[in-house]
Each structure stands twice: as structure tokens, then as C-alpha cells.
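Please have the structure open as you read.

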Amino acid sequence: MSEQPSPRPIVILVEPQLAENIGMTARAMANFGLSELRLVAPKGGWPKKGVRETASGATHVLDAATIHATVAEAIGDLHHVLATTARERGQMKRVMGPDIAMPALVERLAAGEKVGILFGRERVGLSNDEVSLADAIVTFPVDPKHSSLNLAQSVLLVAYEWRRAAGLAALPFDGELRSAPAPRAALISLFESLEGALDAVGYFPPEKRGGMVRNLRDILHRMAMTEQDVRSLRGALRALTGRKPDPE
């Protein structure tokens, strides 16, 4: 089922250079439900050769992307702007990780504000003047020994945290049992089959049989078996004992 449309943050790439980075950014955005991409003076012009190949199907993001001459132009209609950076800028701005920044962004979006997130150039990031146009800074808790993030990776981290904060982070599958719990009669029948097979090979010492049988039953009870579990174990027992399947 498709998601209901809702206000979402705008991703703004400042002077991106590599086509593959723009394509992978579109892919990361689409992964987590973002679609509005703005490009500020992309190096080499737009569209770029090869950009669609790295988008992995997220071409709708690329097709709708808008081009802007400056950061000021790209953010002119926005009410709130975050700037991403890996370096301390010496500016008196609030600094947050994406896990803290995104819930506040969700609240602003719900209040009708338009918000955007600035991502800088591949090699040098955003300039100090560009950061100064933002309301706050988002940075990432990376290992200081290797703090460099790919452009699309940065977008992916922010988009993921936005999706969580927006309450849209439902997993695509849950591992829920597809078979009903085994009824008691099926369990008792399995107990009898297992105990009979063990009796046939002399597994139980006569004086200990009662306690050992109860222990085995307790083990099987702790498995909380489904109907399919019981059928599988009964099939395994038949294979080990050479018995023919029971008639249906």
C-alpha cells in the first residue's frame, strides 16, 4: 500500500560534481520516501551523463529536480534550513545529530513550514558563508579517525532518521508465524511417536523412563510449536524409523 502524501524535507546539493553521487543521492532519498531535490550550480551542467544509471530506479527524483544558481536562491522559499557539515565552523549555531534534528523538523513540517537540508560539495563541503544561511547544523557521530562520508551516505543517514521521526519506519516484513499453533492433540501424538521410537531402540532405562519422558515433553513445550513444526518433526521421525506416512 502506498503512503499518504505528507510534507517532507527538501534535499539541496550544493555544486555536486559527480553524476554517480547525484544518482545515488536520488536513490537514497527514494529509499526513505523523499522526492524533492534541488541542485545548486551542479558542476558540468545538468543533466549529467550517467546520472540515471546510479539512481537504481529513482529517476522520478531526478526528473523533478530543480536547478538554482546560488544557495540563497535555492532556499529562498523555505522557512527553516539545516546545514550538514563534518567540521566545526566556529558559528554560534545549535549542533545536532540527525536523530535529534529530524523530530524537530517533523514538527515544523506538520505546522506547515517548508524545510530544507543543505549538503555540500564532495571534497570541501559547504562554505562558512553558506552555513551561515542555515538555522542549525547537522553533523554525524562518525569515528574521528575516519570522518569522511560520501555525499549520498550523508543524505541516506538524514533521510533514514527523518523517516523514523515521521513514524514511517515500519519494517517491510516481520517474521510473523505463518502456521497456527499446534493443537494439544497433535502435540500428544508427537510425544507418543517420539517416545515409541525411543522405546524401540532401548533409549530409556526402565527406572528413569518417567522422568526422561517428562523432560522431553517439557523441551518440546518450550518450543511453542506450530502445526507445521509438528508435521516436520513427525516427518523426520518417520524417516529415521523407516515408518510409512500415516494415512490422511
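## H7 against H8

The crossing of H7 and H8 is right-handed (left-handed if the near helix is turned anticlockwise from the far one by less than a right angle, right-handed if clockwise). The axes of H7 and helix H8 (residues 209-222) come within 11 Å and cross at roughly 135 degrees, which makes H7 oblique to H8. Axes here are lines fitted to C-alpha atoms, for helices over the stretch in contact, with angles from 0 to 180 degrees between N-to-C directions. Angles under 35 degrees count as roughly parallel, over 145 as roughly antiparallel, 65 to 115 as roughly perpendicular and the rest as oblique. Helices (H or I, at least four residues) and strands (E, at least two) are DSSP runs, numbered from the N terminus.

On the H7 side, the contact (heavy atoms within 4.5 Å) uses Arg184, Leu187, Leu190, Phe191, Leu194, Glu195, Leu198 and Asp199, and H8 brings Arg209, Val213, Leu216, Arg217, Leu220 and His221. By class, these residues are eight nonpolar, one polar and five charged. Ala, Val, Leu, Ile, Met, Phe, Trp, Tyr, Cys and Pro count as nonpolar, Asp, Glu, Lys and Arg as charged, and the others, Gly among them, as polar.

## About the model

This is a predicted model, in which local features need pLDDT of at least 70 and side-chain atom pairs count only at pLDDT 80 or more, while totals for chains, interfaces and linings use all residues. Residues are numbered from 1 along each chain as its sequence is written, and side-chain values use heavy atoms, with hydrogens and water left out.

## H7 against H9

Helix H7 (residues 184-200) also meets helix H9 (residues 227-241): their axes come within 10 Å and cross at roughly 20 degrees, so H7 and H9 are roughly parallel to each other. Their crossing is left-handed. Among the residues in this contact are Leu187, Leu190 and Leu194 of H7, with Val230, Leu233 and Arg234 of H9. The contact has eight nonpolar, three polar and one charged residues.

## H1 against H6

Helix H1 (residues 19-31) and helix H6 (residues 151-165) have axes 8 Å apart and pack at about 10 degrees; they are therefore roughly parallel to each other. The crossing of H1 and H6 is right-handed. Contact residues include Met24, Ala28 and Met29 of H1 and Val155, Leu156 and Ala159 of H6. Sorted by class, this contact has eight nonpolar, three polar and no charged residues.

## Two backbone details

Which residues does a cis peptide bond join? They are tryptophan 46 and proline 47, with omega about 0 degrees. Proline 47 sits in the loop between strand E2 (37-40) and helix H2 (59-63).

Glutamate 15 has a positive phi, near 50 degrees, and lies in the loop between strand E1 (10-14) and H1. Most residues other than glycine have a negative phi, and most peptide bonds are trans.

## The largest pocket

The largest pocket holds about 410 Å³ of space. Of its 21 lining residues, Ala86, Arg121, Glu122, Gly125 and Leu149 are the closest to its centre. The lining has seven nonpolar, nine polar and five charged residues.

On a 1 Å grid over the protein atoms alone, a pocket is an open set of points where a 1.4 Å probe fits, with protein on both sides within 12 Å along at least five of seven lines, and lining residues have an atom within 4 Å of a point. Grid points are joined across faces, edges and corners, and the volume is the space filled by probe spheres set on the points.
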